[in-house]
Every structure is written in C-alpha cells, then in structure tokens.
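Dear colleague,

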Amino acid sequence: MARMKFLCDIERCIDCKGCVIACKEGNGVPVGINRRRVITINQGKPGEKSISISCMHCSDAPCIAVCPVNAIYQRDDGIVLVNKDVCIGCGYCFIACPFGVPQFPKGDTFGKRGVMDKCTFCAGGPAPNFSEKERRLYGQNRIAEGKVPLCAAMCSTKALLAGDGDVISRIFQERVARRGTGAKAPGWSTAYK
Amino acid sequence: MKTNMQKQRIQYIVQIGTVIVCLLICCFCFASELIIKRYGLVSSTQIFKEFHVVASPQWHHYASDFITFVHKAGRLYVWVLFGVPLLFLLHFLVIGPKKFSHTGKKIYFYSVVTRLFHWLCALCFSLLVFTGLMIVFAKTFGGGSTVLLARTIHIWCAYAFLIVATPLFLIWLKDMIPAPHDLMWLLKAGGYLSKQTNQVPAGKFNFGQKMWFWLAFAGGVVMFYTGYYLSTMGVSQAQMAAFLKIHLILGLFILAFFITHLYMSLFAIKGSLKSMIEGYKWEEEVRALHGKMLK
C-alpha cells in the first residue's frame with residue numbers, strides 16, 4: 001500500500017505562495033483559514049530558505065491521540081482526515097500538532113469557533129466521494145480522481161512533491177544527486193560571489 | 001638486536017609523525033571551515049531547526065505531557081462525577097440529614113438582592129457546569145452539533161456569570177474573609193460526621209461555605225481568564241496547553257464543590273433550600289451552625 005507524503009524541496013521553494021492560493025481557491029477554503037502556509041527564514045539575507053507547510057499526515061498523529069470525540073482518523077494510505085460532523089472544535093488538536101496545522105473559523109462576537117479545518121491531501125472527507133456535501137465541507141477529492149493534490153500540482157518550481165512516499169523520495173534523491181548541494185549546486189558561483 | 005639509539009630514533013620518528021598528522025588534520029579543518037564560511041553552507045538539519053523555531057517553537061517541551069494529560073483528565077472527571085455523590089449517598093444513609101425545629105424565632109438571613117443574584121449566579125453556574133461536563137464527555141454525547149451548542153452556551157454563560165457574580169461577590173465578601181475559628185470548624189469537619197447537632201464555630205458563613213465562595217469566585221476568575229484564551233486562541237500553543245491544564249484541574253475541584261453544595265442545600269440540612277428562597281433561617285439552626293453570628 002502506498003503511503004502518501006508531502007516533501008518540500010527547500011533548495012527549490014521560492015516563497016511564491018502559489019500553493020497557498022491554489023489550495024484556498026481550489027478547495028473553497030473560507031477567508032481567515034489557510035490549509036497551507038509558507039515559512040521563510042533569513043529573509044533578504046544570504047541563506048534565505050523557504051518551506052511550504054501543511055498537514056504532514058503524520059504516522060501516529062498527535063491530533064488523533066488527543067481528539068476527545070475521535071473525529072480525526074487516518075486512512076490506510078496515511079492521509080489524516082477530520083470528520084466535520086463529529087468535530088466539536090475544542091482545539092486540542094491545535095495544541096498537540098507539531099506544525100500548528102489545524103485551523104478554526106472565527107465565530108460570533110463571543111469568540112465561538114467552528115469545527116476544525118485542515119489539509120485533506122485533496123482527498124475530500126468521510127462524506128461520499130464527489131458528493132455536494134463533500135465539496136462544501138472538505139473541498140475537492142483529487143485523490144479519488146487519480147490526481148495529485150492541488151498545491152503540488154501547480155508548484156511552479158516543482159519544489160513541493162506529493163504522492164507515494166517511496167516514489168517522491170526517489171525523485172528527490174535523484175534530484176539531489178544530479179544537482180549537488182551547497183557550493184556545488186549549479187549557479188552558486190554566480191549567485192553568491 | 002637494536003641498540004638503544006635506534007629505539008630512541010624510532011620513537012622520535014613516531015612522535016614527529018603524530019605531530020605532523022595532527023597539524024594536517026587541523027589545517028584541513030581550518031580550510032573546510034574557511035570554505036564553509038565563504039560559501040555559507042549550512043547543513044539542512046540546521047535549516048530545518050530554524051524552520052521549526054518559526055513553525056512551533058516549544059512543541060517538544062509541552063506536547064507529550066499534554067497528550068497524556070488529556071486522557072488522564074477525562075478519567076479524573078469520571079471519578080469525581082460518580083465518586084463524590086457516592087460518598088454523600090453513604091453519608092446520607094449512615095449519618096443522615098440534620099433536622100432543626102422550624103418553630104420559634106425567625107432570623108432574616110438573605111436579603112432580596114442577595115437571593116436574586118444568588119439564583120442568577122446559580123443558573124449561570126449550573127449551565128456552565130453541565131455544558132462543561134458535556135464538553136469533557138463529548139464522546140458520550142456523540143460530538144458534533146450537540147456539543148458545539150453546549151460550547152456556545154458555555155461561552156455565553158461565562159460572560160453572564162462574570163456580570164451577575166460581581167455584585168454577589170461584593171455583598172458576601174465581608175462575611176467570607178477567613179477567621180481563626182474556621183480552623184476549629186475544619187477539625188470538627190463542620191459537625192457533619194456526627195449524628196448529634198453540636199455547636200460548630202462559624203459566623204454568618206462557615207468555612208465550608210467560605211471555601212466554596214472563594215473557589216467559585218476567585219476560581220471563577222481564573223476559569224474565565226484561561227477559558228477566554230482557550231476560546232479565542234490568542235496565545236501560543238504552549239500557553240494554551242498550560243491554560244487547558246489549569247482550566248481542567250480547577251474545573252475538577254469546582255465540580256466536586258458544586259456537587260457538595262447541591263448535597264448540602266438539598267439534602268444534608270433540611271429547610272436549607274427554603275432559606276435561600278424565603279430569606280429566613282430558624283433560630284435553633286442558626287444557633288447550632290452559625291453561632292458566632294448571634295453574639
């Protein structure tokens with residue numbers, strides 16, 4: 001069985017935030033919620049690096065461990081999904097998540113939150129595939145269509161890889177072997193001298 | 001046979017060789033250091049460490065503790081929710097309620113304003129406790145919209161309680177300051193462990209009532225503060241974990257005292273509920289349970 005994974009190649013990511021926009025637009029994610037975000041360190045200085053982070057679909061995920069209503073579950077292919085019909089929006093998963101992934105829509109003036117929303121690996125949710133309910137609550141189901149997630153599909157530098165862990169790690173290894181790293185990377189001498 | 005001279009020469013060669021090798025290693029290290037500095041090469045582990053600082057700086061400090069705590073807290077609530085009433089059932093069967101003659105002089109105990117605010121507080125507080133329990137035992141209620149509604153009521157009642165509790169706090173504050181005789185009351189366990197009704201040292205409020213007062217109001221402020229940040233998510237995840245811990249543990253104590261308060265007012269002292277509705281207590285009861293008030 002394939003184990004779905006994300007891999008962000010930090011040598012290629014250029015902080016264009018195209019993945020964030022693609023995800024928001026394609027999945028109809030409301031304002032104020034980002035299923036994916038880009039983190040940049042040393043901005044404007046030598047050694048600037050960016051990484052695109054969303055739900056990492058952990059093995060033995062902490063969010064599943066703390067969820068008081070068992071709303072979060074993991075599919076056989078490793079994708080972690082949330083059942084929005086069961087979720088109570090308590091926020092335990094947000095505290096437990098090592099990547100700060102779970103998002104909660106802002107509620108009324110008294111600060112009541114809605115239910116948790118996070119990256120679905122573009123695999124929809126527990127609702128029937130391609131149903132109106134699934135589209136409304138969870139967004140597209142590209143996995144069922146046989147496509148990779150939106151963010152990885154549109155990544156302009158192909159920094160973001162998504163799919164079977166074995167396949168994407170092989171692609172990444174070949175890439176690293178061909179390009180070299182650090183001072184041996186192509187274009188290094190022109191960029192940093 | 002090697003002479004002593006030859007042996008010494010070999011030793012010298014070995015020593016000098018070692019020094020040269022060390023120098024070469026140092027030169028290599030220095031050179032690679034220079035290269036690294038010049039090209040700014042940073043190991044990817046280092047880069048990911050820096051990403052980690054931005055993404056979730058303190059996760060590894062609090063997370064494992066938090067994950068185990070959440071499960072423990074649920075079990076503790078089951079113990080308190082069923083254990084405390086069971087203890088009181090035992091008390092009711094073995095020792096039984098206190099009865100006082102409801103004849104003779106009536107003493108005006110609670111003013112109209114006090115009673116009004118008490119019942120407003122009681123309404124908000126009961127709703128807070130019940131909806132809070134619904135959130136803790138969300139799985140039993142099936143989660144989803146039922147518990148989401150409970151969470152909404154929980155948050156509204158928190159604000160409402162803050163408003164109605166402030167006047168009651170000010171009304172009762174004077175009588176609720178702990179006094180030396182409270183220690184004696186505590187040693188006698190308020191006289192609740194004997195069937196006879198002896199006089200217990202207490203003013204207008206005994207130490208049990210004082211504990212409940214401070215737990216409900218001072219604890220209520222802490223609950224409001226932590227709950228406010230838990231609901232608005234205005235702080236870091238590490239702080240939220242700490243706040244949740246405080247909220248759940250303090251909630252446990254408040255639940256225990258809430259059950260105690262219910263038992264005391266509904267079952268343990270006959271006519272206690274009536275006094276909060278009509279405002280009067282009978283003299284015999286006051287003399288026994290709140291003796292220092294009459295002097």
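A salt bridge is counted when a side-chain nitrogen of Lys or Arg lies within 4 Å of a carboxyl oxygen of Asp or Glu, and across the interface of chain A and chain B this rule finds zero of them.

This is a predicted model, in which local features need pLDDT of at least 70 and side-chain atom pairs count only at pLDDT 80 or more, while totals for chains, interfaces and linings use all residues. Residues are numbered from 1 along each chain as its sequence is written, chains are lettered from A and ligands numbered from 1 in the order in which they are written, and side-chain values use heavy atoms, with hydrogens and water left out.

The contact (heavy atoms within 4.5 Å) takes 41 residues from chain A and 39 residues from chain B. Together the two chains bury about 3,500 Å², 69% of it on carbon and sulfur atoms; buried area here is the accessible area (1.4 Å probe) that two parts lose on being put together, summed over both.

On the side of chain A that touches chain B, β2 (36-41), β3 (49-54), α2 (62-66) and α3 (92-96) each supply at least two residues, where helices (H or I, at least four residues) and strands (E, at least two) are DSSP runs numbered from the N terminus.

Turning to one strand, six of the six residues of β3(A) are buried, that is, under 20% relative accessible area (1.4 Å probe, protein chains only). Lys49(A), Ile51(A) and Ile53(A) point one way from β3(A), and Ser50(A), Ser52(A) and Ser54(A) the other way.

With best wishes

Technical notes
Buried < 20%, exposed > 50% of the residue type's maximum accessible area, 1.4 Å probe, protein only.
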